Amino acid sequence: MTVDTEKSPERGAVKFRGDLVGLRALAVLAVLLHHFQIPGFEGAFYGPDIFFVLSGYLITGSLVREYSRNIKSGESRGSISFIGLYLRRVRRIIPAATFVLIAINIYAHFYVNELKARSIYIDSIWTFFFGANIRFSREATDYFAVDRVSPLVHFWSLSVTEQFYLVWPALLLIAARVRIPGFSNRPDAWKKQMIAALSLLIVASFVWCVIVFRQSENLAYFSTFCRAWELAVGGAIGILTFSAVEGSKRTDIAVLRNLSLVFLFGSILFVKQSNFGYTIWVPVVACAFLIFTGKHFEGDLS
């Protein structure tokens with residue numbers, strides 16, 4: 001996943017997004033601090049949630065630019081290349097993932113017992129086909145356990161993202177092309193329809209996450225639909241333009257960005273395994289605001 005540049009659909013220019021690189025580094029660091037059990041960082045497991053917002057933002061922005069270019073080129077209804085998207089994902093993910101899976105299975109063959117090696121082999125099959133989160137959910141894997149977990153458990157978030165990518169282009173295309181009498185003929189009505197569809201998904205997915213979390217923390221953690229709202233939040237800001245806050249002063253927005261940073265870091269103190277279903281929205285919203293406003297601050301997070 002590339003998170004450090006953006007292409008302008010009008011000029012094709014590439015703009016470096018240093019803030020996105022910083023958010024990605026923060027996500028990785030948070031997960032490392034959590035798993036190394038550094039005191040005070042027990043709640044830093046929300047690194048994947050940051051990646052979900054980034055993924056939703058980047059893929060939706062790319063698809064919207066493609067759809068917009070096709071409309072401007074004379075294709076009245078616009079289109080999205082599904083094959084092109086999936087081929088790019090295969091080239092980007094499969095080689096590295098395959099190497100990791102082979103290496104882990106070779107190690108398991110020689111250095112772990114037969115029962116554990118067989119379990120890792122089955123995990124690898126699910127992982128290769130982007131079903132790791134389903135596998136670990138069915139096996140009641142405890143992601144927060146310090147031992148006795150599969151060495152492939154961290155592939156769960158990649159599986160969620162790729163499952164999202166599998167259906168996301170079609171959902172956006174349907175939302176853009178649905179005909180609403182008296183509305184769909186307005187300029188850029190398709191963008192508003194996409195945002196409306198994402199808003200519904202955000203609400204439905206978040207409510208479902210809370211419901212599932214009350215029944216099973218494990219299921220809520222691995223469930224794709226329980227995570228869909230985070231990706232949809234990223235998608236929504238990938239469609240929105242900065243005009244939504246153009247009336248605000250730059251200094252006011254800078255203050256809000258700094259406040260968002262406080263909440264993003266401060267979430268470590270109160271987001272826990274026992275409450276993430278209710279609290280994870282805080283770092284997600286903070287991250288989304290930083291991404292949304294960052295492109296107008298030249299990648300400066302201050």
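Author: Angles under 35 degrees count as roughly parallel, over 145 as roughly antiparallel, 65 to 115 as roughly perpendicular and the rest as oblique. This is a predicted model, in which local features need pLDDT of at least 70, side-chain atom pairs count only at pLDDT 80 or more, and totals for chains, interfaces and linings use all residues. Residues are numbered from 1 along each chain as its sequence is written, and side-chain values use heavy atoms, with hydrogens and water left out.

Reader: Why are α3 and α6 called roughly antiparallel?

Author: The axes of α3 (residues 82-111) and α6 (residues 156-177) cross at roughly 165°. Roughly antiparallel requires an angle over 145, and α3 and α6 are therefore roughly antiparallel to each other.

Reader: What makes residues of α3 and α6 count as meeting?

Author: Contact means heavy atoms within 4.5 Å. Among the residues of α3 that meet α6 are F82 and Y86, and the α6 side includes Y165 and P169. The residues of this contact of α3 with α6 divide into 10 nonpolar, no polar and two charged.

Reader: Why are α7 and α9 described as roughly antiparallel?

Author: The axes of α7 (residues 189-215) and α9 (residues 224-239) come within 7 Å and cross at roughly 155°. With that angle set against the cut-off for roughly antiparallel, α7 and α9 are therefore roughly antiparallel to each other.

Reader: Which residues join α7 to α9 in contact?

Author: In α7 they include M194, L198 and W208, and in α9 they include F225, W229 and A236. The residues of the contact of α7 with α9 divide into 18 nonpolar, two polar and two charged.

Terms used. Axes are lines fitted to C-alpha atoms, for helices over the stretch in contact, and angles run from 0 to 180 degrees between N-to-C directions. Helices (H or I, at least four residues) and strands (E, at least two) are DSSP runs, numbered from the N terminus. Ala, Val, Leu, Ile, Met, Phe, Trp, Tyr, Cys and Pro count as nonpolar, Asp, Glu, Lys and Arg as charged, and the others, Gly among them, as polar.
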